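Here's a friendly walk through one protein model. Have the sequence and the 3D view open, and follow along.

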Amino acid sequence: MQTKIFAGALAALALLAPAGVSAVHGQARATQQAQAAHERLLPLQGGQNFRDLGGYRTRTGRTVRWGLLYRSGAMNGLTEADFAYLAKLGIRTVCDFRSTEERTAAPVRWPGGKTPKVFADDYKLDMGGLDFRAARSWTAEQARSMMASSYPGTLEKFNGQYRRMFQQLLAGNVPLAFNCSAGKDRTGVAAALILTALDVPRETVIEDYLLSNRYFDPRKAVAVDSGISQGWRQLPPEVLKAFMGVDRSYIEAVFRVIDAHQGGTEGYLRDALGLRRVDLLALRQRYTMR
């Protein structure tokens, strides 16, 4: 019986793979911005949602520089050719947001030589009170509601790691890549914070977030042999799809917290992430261009 459920789940996950791109609201516009001279998704054999944040226009008409800021899922599937490709990009810093268990289950073995500095914290992943047994009887709407309600907590739980990421950016330790397992939740919030700090319009930030519905391959995530992955395999296909995909309501829940902060976006960036006005100007000068 469990095998049948897992097979059905994989079929549902296939709907989230690159073939199902038409369902993503607004992603066509975000993709079009990437086509001028660069590709959004890196051409990696074993990559997972590994893409460049360059090419987006800011509210003042500047453009986020290509080749400096990368967001990704887990990198344990990268091949020798992939590592060689990344070496040519000159990636100096990696901020790995995965938990201790995730990193143990899917270690990344960078080849010898010029390897990036990897920052990661040891912690146990909090699934926001998710009970996989109870979730077997959920609807997709319940799953989406749970995701949206859990997202704001990411800002606080990973505040230290997000602060460190910005410190590395301010220090110029780039190109920099940041990742979690799927490259859509913890990484999605991180990307939203970076693009927001660079003065990219809110709607464009959301469109970049939604691109994970195109570029994230859930089948790779559930293939990892870990307790978390085993839990995902127990869920009905429609519930698993809600968890493995992204939705506007998820990231909008984060932006509601930011907007409600005293001083709005700039106040949040200053108080929660230590980014003063001078820091924001420095980030925009370094990572955007006319």
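## A sheet and its helices

Start with the open sheet of five strands, which has mixed pairing and the order β1-β3-β6-β4-β5. Its edge strands are β1 (51–52) and β5 (117–119), each pairing on one side only. Helix α7 (residues 159–170) packs on this sheet, touching β3, β4, β5 and β6, and its direction makes about 170° with that of β6. Contact here means heavy atoms within 4.5 Å. As for the names, helices (H or I, at least four residues) and strands (E, at least two) are DSSP runs, numbered from the N terminus. Two strands pair if DSSP finds at least two bridges between them.

Before going on, note that this is a predicted model: local features need pLDDT of at least 70, side-chain atom pairs count only at pLDDT 80 or more, and totals for chains, interfaces and linings use all residues. Residues are numbered from 1 along each chain as its sequence is written, and side-chain values use heavy atoms, with hydrogens and water left out.

Here are some of the strand pairings, listed with their bridges.

| Strands | Sense | Bridges | A bridge pair |
|---|---|---|---|
| β3 (residues 69–72) and β6 | parallel | four bridges | Arg 71 and Phe 178 |
| β4 (residues 93–96) and β6 | parallel | four bridges | Thr 93 and Leu 176 |
| β4 and β5 | parallel | three bridges | Val 94 and Val 118 |

Now look at strand β6 (residues 176–179), which is covered on both faces. Leu 176 and Phe 178 are buried on one side, and Ala 177 and Asn 179 are buried on the other. Buried means under 20% relative accessible area, exposed over 50%, and partly exposed in between (1.4 Å probe, protein chains only).

Next, a pair of helices. How do α6 and α8 cross? The axes of α6 (residues 140–157) and α8 (residues 186–197) come within 10 Å and cross at roughly 65°. That makes α6 roughly perpendicular to α8. Axes are lines fitted to C-alpha atoms, for helices over the stretch in contact, and angles run from 0 to 180 degrees between N-to-C directions. Angles under 35 degrees count as roughly parallel, over 145 as roughly antiparallel, 65 to 115 as roughly perpendicular and the rest as oblique.

Which residues meet there? Tyr 151, Thr 154 and Leu 155 come from α6, while Arg 186, Val 189 and Leu 193 come from α8. By class, this contact of α6 with α8 has four nonpolar, one polar and one charged residues. Ala, Val, Leu, Ile, Met, Phe, Trp, Tyr, Cys and Pro count as nonpolar, Asp, Glu, Lys and Arg as charged, and the others, Gly among them, as polar.

Helix α9 (residues 202–210) is mostly covered, with seven of its nine residues buried. Among them are Thr 204, Glu 207 and Asp 208.

Two more residues are worth a look. Tyr 215 is in helix α10 (residues 212–215), and it counts as buried because its relative accessibility is 12%. Its C-alpha atom is separated by 7.6 Å from that of Gln 48, 167 residues apart along the chain. Met 244, in helix α13 (residues 237–244), counts as buried at 5% relative accessibility. Met 244 and Lys 184 are 8.8 Å apart, C-alpha to C-alpha, and 60 residues apart in sequence.

Finally, the whole protein: it comes to 16 helices and seven strands, and buried residues make up 52% of its 290 residues.
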